[in-house]
Amino acid sequence: AGGAGEAGGAALRGCFDALHRLGELAAFVESNAAERAAKADRGGITFGVGQVLRHRKFGFRAAVLGWERRPEVDVSGWDGVQGLPSGADQPFYRMVPDMGDCVGLLGGPRGVRYVAQENLEELPLSERAISHELLPHFFDGYDAASGTFLPVQQLRYWYSRDPLPDTGLAVLAAEQAAAALDKLSALLHSHALDARGAGLLEPLMLLLGAAGSAADSAAAERAALALLAAHPSGEVRELMRASERSVEGDDLLAARGALDEALDIDAGHAELFARRAAVHLRAGRPEAGLSDARDALQRDARHFAARTLEGSALHELRRSEAGPFLKLPPGRPAGPRCASCAGTTRRSTRSRRRCGCTRGRRAWCRTSSRRSGRGASWATLEGGPPAPFGG
């Protein structure tokens, strides 16, 4: 009996280990694809990755390693932002400064800067060659002919629409990497559809109830949510992704519109109702959120994210109604951590910041010390530069 119990425990541990690895792979693919999609629209963006520019106010030169359409941190009090025509309502660029300029103009070494677009100006070709110990973490080299730094493969993948010099093999490698990730994403989705069709959602629910730790429970939850979200229609999947991007940009009307369009295609997919319920709740419409959450549960009573949304809507409406709940490990919520995230299988960096969820963005190449050992991590960029000289 003891041997059988140990064998069963080992098998259970193997299941959770496999779910952890699968979840990491799926999160890696999804987060990189989402970042690429977010950077596909360059409307309002003046500069691109690899360009070397000068700060109008503080005079230092720096190379662009990334940009956001609007700042992801509160920059309203930064001295570099105050007095600008657009203030904080403009694109911001993450930049590696020239170390000599930092010492001479800012009083000492500096790391990555976070700079408003209106504070940047172009440089003559002769002044674009800069140096900093962080440059090799983000760039493969410097193209003297164009005065542009050549971004590493991950940045080329994310910022595929940014103007870059055609360096032949580097461009081909970036295109091949994009094609490989697209194929991997399609393969993962195909397996999710196959698993759902084979009735593997029920065993996943049993694993969810048997989880002995929060990490194991989260792995089983992610896998179950992936099966619940899987849909054979590419058009429906793209509308779900469009809705996610709209939520990240706080355009809840567009998010709802995309889900409405998806529901016109397939009104039987519970995940679509759950996602629209989350949008309604975020927009302050608990009645509509409750209705959609219950529509999702009518279509699939196993949809625990919809159950969480139903509870959130009832809480907002100050009502209490009894309903069946899944048996989960003590201390583990029945779904994502908040109504803003419930009903979706991917959480953006910006959404996590607003709602308090803490799952981090996974990097792909040498921009992550975890994966490359090169010592530079996106975590070093999230806070932006301290004042003074901020923005």
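Two strands pair if DSSP finds at least two bridges between them. I start my notes with that rule, and I take helices (H or I, at least four residues) and strands (E, at least two) as DSSP runs, numbered from the N terminus.

**Ground rules**

I am working on a predicted model, where local features need pLDDT of at least 70, side-chain atom pairs count only at pLDDT 80 or more, and totals for chains, interfaces and linings use all residues. Residues are numbered from 1 along each chain as its sequence is written, and side-chain values use heavy atoms, with hydrogens and water left out.

**Entry 1: the whole protein**

I looked up the secondary structure and found 14 helices and seven strands. Next I checked burial (buried means under 20% relative accessible area, exposed over 50%, partly exposed in between, with a 1.4 Å probe and protein chains only). Of the 391 residues in the protein, 48% are buried.

For the surface I used accessible areas from the Shrake-Rupley method with a 1.4 Å probe, where for residues only the protein chains shown count as cover. The protein exposes about 17,600 Å², and carbon and sulfur atoms supply 54% of that area.

I also looked at contacts (heavy atoms within 4.5 Å). Among those with a separation of 6 or more, 65% join residues 24 or more positions apart.

**Entry 2: the sheet**

In what order do the five strands of the open sheet lie? I read β4-β3-β2-β1-β5, with antiparallel pairing. The edge strands, each pairing on one side only, are β4 (113-116) and β5 (120-122). From one strand to the next the twist averages 50°; for angles, axes are lines fitted to C-alpha atoms, for helices over the stretch in contact, and values run from 0 to 180 degrees between N-to-C directions.

As a reminder to myself, strands of a sheet pair through backbone hydrogen bonds, either parallel or antiparallel.

I then went through the sheet pair by pair:

- β3 and β4 are antiparallel and share four bridges, and here Y93 stands opposite V115 in β4.
- β2 and β3 run antiparallel, joined by six bridges, and V64 has M95 in β3 as its bridge partner.
- β1 and β2 pair in the antiparallel sense over three bridges; L53 has A62 in β2 as its bridge partner, and R54 has R61.
- β1 and β5 run antiparallel with three bridges between them, and H55 faces L120 in β5.

The hairpin of β1 and β2 has five residues between the strands, and there G59 takes a positive phi near 85°.

**Entry 3: strand β3 and the cores**

Is β3 enclosed or open to the outside? Six of its six residues are buried, so β3 is largely enclosed by the rest of the structure. F92, R94 and V96 point one way from the strand, while Y93, M95 and P97 point the other way.

Two of those names came back when I looked up the nonpolar cores (sets of buried Ala, Val, Leu, Ile, Met, Phe, Trp, Tyr and Cys residues joined through side-chain atoms within 4.5 Å). The largest has 38 residues, and Y93, M95 and F139 have the most contacts inside it. Elements that each supply at least two residues of this core include α1 (2-38), β3 (92-97) and α5 (169-197). The largest share, five residues, comes from β2. Another core lies apart from this one and has 26 residues, among them L239, M240, A296 and L314.

**Entry 4: helix α7**

How many of the residues of α7 are buried? I got 12 of the 16, so α7 is largely enclosed by the rest of the structure. Among the buried ones are D216, E221, L225 and L228.

G209 lies in helix α6 (residues 201-210) and is partly exposed, with a relative accessible area of 37%.

Last, I looked up D250, in the loop between α8 (234-248) and α9 (252-265). D250 has a phi near 60°, a positive value in a residue other than glycine. This residue is partly exposed, with a relative accessible area of 48%.
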